[in-house]
Amino acid sequence: MDGEQAWIAQAKQGGQSAFYRLYEKHHKSIYALCWRMLADKDSAEDVCQEVFVVLWQKINNFRGESKFSTWLHSVATNVVLGHLRKNKNWLQRVFSIEEQGQNVVEASVRLTDDSTLMMLDRHIARLPERARLVFVLFAVEGYRHEEIAKMLKMAVGSSKSQYHRARNLLKESLTANDFISVEEELSHE
């Protein structure tokens with residue numbers, strides 16, 4: 001039994017230190033998912049914490065049929081979507097594009113560079129809500145369109161069209177900011 005599996009088993013028995021280790025291992029990726037889906041730092045922090053509260057409550061539901069990180073991302077996605085349903089007017093609280101400032105990236109920088117990834121996240125945050133959600137779930141989290149359609153209660157074709165809309169908007173936005181190799185980086189599907 002590897003370390004993570006032991007932590008899961010201990011957390012299922014109420015082990016707080018084991019749960020904290022799981023939190024330490026996964027909180028950055030869960031926060032990143034929340035931020036990408038919500039496009040708001042404060043909401044992402046709150047919802048990220050809510051994800052781990054839900055995890056504490058539901059960890060016994062993890063049966064090990066998939067990787068723990070995959071299951072946790074599914075839990076996080078459901079918490080974020082629930083938050084969005086409860087807070088329909090969340091977009092009004094999101095900081096404006098002007099407040100974010102522009103971060104023009106030199107042509108030589110690739111998407112593997114942390115500052116470039118942060119810039120790409122800011123561009124993703126500017127996408128319309130449905131397009132952003134589908135883009136993050138498909139391109140970043142790796143869900144299939146059939147799964148996304150069920151999660152967001154939309155047709156599979158709508159999921160695909162929202163993804164292509166998001167891709168095109170990102171290409172336009174990134175190209176407008178002198179970002180090179182966008183076609184190459186975003187062309188995988």
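Visitor: How many disulfides does the structure hold?

Guide: The structure holds zero disulfides, a disulfide being a pair of cysteine sulfur atoms within 2.5 Å. This is a predicted model, in which local features need pLDDT of at least 70 and side-chain atom pairs count only at pLDDT 80 or more, while totals for chains, interfaces and linings use all residues. Residues are numbered from 1 along each chain as its sequence is written, and side-chain values use heavy atoms, with hydrogens and water left out.

Visitor: Okay, on to packing. At what angle do α2 and α3 cross?

Guide: The axes of α2 and helix α3 (residues 41-58) cross at roughly 140° and come within 8 Å. Helices here are DSSP runs (H or I, at least four residues) and strands are runs of E of at least two, numbered from the N terminus; axes are lines fitted to C-alpha atoms, for helices over the stretch in contact, and angles run from 0 to 180 degrees between N-to-C directions. α2 and α3 are therefore oblique to each other, since angles under 35 degrees count as roughly parallel, over 145 as roughly antiparallel, 65 to 115 as roughly perpendicular and the rest as oblique.

Visitor: What kinds of residues make up the contact of α2 with α3?

Guide: They divide into 14 nonpolar, five polar and two charged, where Ala, Val, Leu, Ile, Met, Phe, Trp, Tyr, Cys and Pro count as nonpolar, Asp, Glu, Lys and Arg as charged, and the others, Gly among them, as polar. The contact (heavy atoms within 4.5 Å) includes Cys34 and Trp35 of α2 and Cys48 and Phe52 of α3.

Visitor: How do α2 and α4 cross?

Guide: Helix α2 (residues 16-38) and helix α4 (residues 68-86) have axes that come within 10 Å and cross at roughly 40°, so α2 and α4 are oblique to each other. Among the residues that meet there are Cys34 and Met37 in α2, and Leu72 and Val80 in α4. The residues of this contact divide into twelve nonpolar, six polar and no charged.

Visitor: Where is Trp71, and what does it touch?

Guide: Trp71 is in helix α4 and is buried, with a relative accessible area of 17%. Not counting residues up to four places away in sequence, Trp71 touches Leu55, Lys58, Ile59, Asn61, Phe62 and Ser66.

Visitor: Switching to the backbone, what is the phi of Ala39?

Guide: Phi of Ala39 is near 60°, a positive value in a residue other than glycine. Ala39 sits in the loop between α2 and α3 and is buried, at 0% relative accessible area.

Visitor: And where is Lys153 found?

Guide: Lys153 is found in the loop between α8 (145-152) and α9 (156-176), and has a positive phi of about 55° although it is not a glycine. Lys153 counts as exposed, at 67% relative accessibility.

Methods
Buried means under 20% relative accessible area, exposed over 50%, partly exposed in between (1.4 Å probe, protein chains only).
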